[in-house]
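Visitor: I would like to go through how the two chains of this model meet. Please show me the structure.

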Amino acid sequence: MALDSYRFLDFASRQIMKAWAARREPGVIPFTPLAKPLDECTVALLSTAGVARNDDRPFDQEGERRNPWWGDPSFRMIALGTTEEDVRLYHMHIDPRFGESDLDVVLPMRRLTELARAGVVGAPAPTHYSIMGYILEPTELVETTAPALAEHMHAERVDAAALVPA
Amino acid sequence: MGLVQRVLEASGIPTVALSLIPDLTRAVGVPRLAGISYPFGQPLGKPHDLDGQRAVLRAMLEVLASASGPDTYVELPFTWPESPAQARNASKDLPPAPIVELLRRKPWLLPALYSGRIPKAER
C-alpha cells in the first residue's frame, strides 16, 4: 500500500487507528457482482458525515456529550435535490463547515446526477442516506441500521451503492 | 463504514467505498475499496471544486464496474493541495470531540480506546 492512510491524522489518532487495523480479521468478505453495466445502474450514496435534513431529527449530539463512548447509530434519508441549505452535519469528529458550505463534499448527489447525464451511471436513486461515523460499539449499526438501509435501497430498486467517508 | 458496506453487499447490493484510512477499512474486509489521501471532512475534495469532486466520484464508481472479486482495492491518484498541518490548522478553532475532551481529563482511559473494549459509560 503506497498511500499513507494516516497522513492527515494527529499522532494519537494515528496510533489508535493503527491498533484497530492490526486487530481486525476480515473473515469471509461478501461480494455481489454488478447485475448490469454501470451506465444502466441506479446508484445510491451513503455518507458517514452525520447529515440530517433540517426538517428531520438531528443526530443525537447530546447523547454523545453525556457518554463520549457512544455515538448515534441511526440513519437519515436525504432526498435527491437536497442541498446544503436544507441540512446540517452532526458528526463532532470532523469539521462540518466544508460539507455545510457545499454538500457535495460529503454527499455528492449533484455530481452523481451530472455523471448520470454524462452516461457514466444510469441514474441517481431518489433517496440517499447518511449515518454518523463515530460508532465505537457497532452492534446496533450492524444489526438494525445497516439492514434497514439495505431494505430501503432494495425498495427503490437500487443497483449499486457508493459509500463516502467523512 | 466497512461493517455497513458488508451488510449491504451481503443483502445483494454491489457496493464501493471511498476511504480516507484505507488501511483500516481494508482490515475490516470489504468488497470494493477506493483509497484516497484527502483530509477528514473533505472526502470528495474542496467545497465548490466541481471538477475535482466529479473526478473522485467517477474514479470510485469505476471500481464498482472493474472489480471482479472481493477485497478489490484501488488507490486513487489524487493529491491534496495542502499539507496535513495546513489542513488541520483550518479546523483548529473547533471544540474537541467529547471523547477527546474526556481523555484529556482522564488519560488513564486511553487504553480502552486502543483496545476497543469500550466502557458502557464513563466520564
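Predicted model: local features only at pLDDT ≥ 70, side-chain atom pairs only at ≥ 80, totals over all residues.

Visitor: How many residues of the side of chain B that touches chain A are nonpolar?
Guide: The contact takes 68 residues from chain B and 69 residues from chain A. On the side of chain B, 16 residues are polar and 10 are charged. The nonpolar residues of that side number 42.

Visitor: What is the bridge partner of A:Leu163 in strand 1 of chain B?
Guide: Strand 1 (15-19) of chain B is among the elements that give two or more residues to the side that touches chain A. This strand pairs with strand 7 (residues 160-164) of chain A in the parallel sense, over 3 bridges. In strand 1 of chain B, the partner of A:Leu163 is B:Ala17.

Visitor: Is helix 5 of chain A oblique or roughly parallel to helix 1 of chain B?
Guide: Helix 5 (residues 139-155) of chain A packs against helix 1 of chain B with the axes 9 Å apart and an angle of about 50 degrees. Angles under 35 degrees would count as roughly parallel, and 65 to 115 as roughly perpendicular. Therefore helix 5 of chain A is, relative to helix 1 of chain B, oblique.

Visitor: Which residues of helix 1 of chain B meet helix 5 of chain A?
Guide: The residues of this contact divide into 10 nonpolar, no polar and no charged. Helix 5 of chain A brings A:Leu141, A:Val142, A:Ala146, A:Pro147, A:Leu149 and A:Ala150. In helix 1 of chain B they meet B:Leu3, B:Val4, B:Val7 and B:Leu8.

Methods. Residues numbered from 1 in each chain as written. Chains lettered and ligands numbered in written order. Contact = placed C-beta atoms within 7 Å. Helix = DSSP H or I, 4+ residues; strand = E, 2+ residues; numbered from the N terminus. Nonpolar A, V, L, I, M, F, W, Y, C, P; charged D, E, K, R; others polar. Pairing = 2+ DSSP bridges. Axes fitted to C-alpha atoms, helices over the stretch in contact; angles between N-to-C directions. Parallel < 35°, antiparallel > 145°, perpendicular 65-115°, else oblique.
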